[in-house]
Amino acid sequence: MLIIGFNTDLDARGVVKTLEQHFNCPMIGGSSCKGALHVSKAIASAQSRLVVMAIEDSEGAYGVGHHNVGEEPSSAAQKA
């Protein structure tokens, strides 16, 4: 599964078409006028034009969690 985020200056159909040429899997995503969210050890930022996260699980056992980001995104991600 690919989870995709991209800036609105990219063409959604073009993004999907390009990814489909390289990956044979389900995709979910969306756009944002301020950029795609990426998280590094130091910051959470919406300055990227395109971010892709891939999950491989042959049994399809996916889960979702959430937590208030607050001042420490890395800590919030671990708690979620």
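Two strands count as paired if DSSP finds at least two bridges between them. That idea comes in handy here, since in this predicted model the bridge partner of Leu2 in β2 is Met27. The chain holds two helices and five strands, and along the sequence they follow the pattern β-α-β-β-β-β-α.

- Three strands form an open sheet in the order β2-β1-β5, and the pairing is mixed.
- The edges are taken by β2 (27-32) and β5 (50-54); each has a single partner strand, so one side of each is left without a neighbour in the sheet.
- From one strand to the next, the twist averages 10°.
- Strands of a sheet pair through backbone hydrogen bonds, in either the parallel or the antiparallel sense.

- On one side, β1 and β2 run parallel and are joined by six bridges.
- Getting from β1 to β2, the chain passes through α1, and this β-α-β crossover is right-handed.
- With β5, strand β1 (residues 2-7) pairs in the antiparallel sense over five bridges.
- Which residues partner Ile3? In β2 the bridge partner of Ile3 is Ile28, while in β5 the bridge partner of Ile3 is Met53.
- Leu2 also has a counterpart in β5, where it stands opposite Ala54.

- Helix α1 (residues 12-22) lies across β1, β2 and β5, and runs at about 145° to β1.
- What makes up the largest nonpolar core? Five residues do: Leu2, Ile4, Phe6, Val15 and Leu19.
- Both β1 and α1 supply at least two residues of this core, and the largest share, three residues, comes from β1.
- In a regular strand, side chains alternate between the two faces of the sheet.
- In soluble globular proteins, nonpolar side chains tend to be buried together.
- Is β1 largely enclosed or left open? Five of its six residues are buried, so β1 is largely enclosed by the rest of the structure; the cut-off for buried is a relative accessible area under 20%.

**Leu2 and its contacts**

- Leu2 is one of the residues of the largest nonpolar core, and it has a bridge partner in β2, Met27.
- Leaving aside residues up to four places away in sequence, Leu2 touches Leu19, Phe23, Cys25, Pro26, Met27, Ile28, Val52, Met53 and Ala54.
- Among those contacts of Leu2, Leu19 is also a member of the largest nonpolar core, and Ala54 is the residue that stands opposite Leu2 in β5.

**Helix α2 and Ala77**

- Ala77 is found in helix α2 (residues 73-79).
- Buried or exposed? Ala77 has a relative accessible area of 56%, so it is exposed, as the cut-off for exposed is over 50%.
- Ala77 and Gly65 are twelve residues apart along the chain, and their C-alpha atoms are separated by 8.5 Å.

**The chain as a whole**

- Of the 80 residues in the chain, 15% are buried.
- The chain exposes about 6,400 Å², and carbon and sulfur atoms supply 53% of that area.
- How much of the contact total comes from residues 24 or more positions apart? They account for 57% of the contacts in the chain with a separation of 6 or more.

Technical notes: Residues are numbered from 1 along each chain as its sequence is written. This is a predicted model: local features need pLDDT of at least 70, side-chain atom pairs count only at pLDDT 80 or more; totals for chains, interfaces and linings use all residues. Side-chain values use heavy atoms; hydrogens and water are left out. Helices (H or I, at least four residues) and strands (E, at least two) are DSSP runs, numbered from the N terminus. Axes are lines fitted to C-alpha atoms, for helices over the stretch in contact, and angles run from 0 to 180 degrees between N-to-C directions. Contact means heavy atoms within 4.5 Å. Buried means under 20% relative accessible area, exposed over 50%, partly exposed in between (1.4 Å probe, protein chains only). Accessible areas come from the Shrake-Rupley method with a 1.4 Å probe; for residues, only the protein chains shown count as cover. A crossover is right-handed if, with the strands pointing away from the viewer, the path from the first strand over the helix to the second runs clockwise. A nonpolar core is a set of buried Ala, Val, Leu, Ile, Met, Phe, Trp, Tyr and Cys residues joined through side-chain atoms within 4.5 Å.
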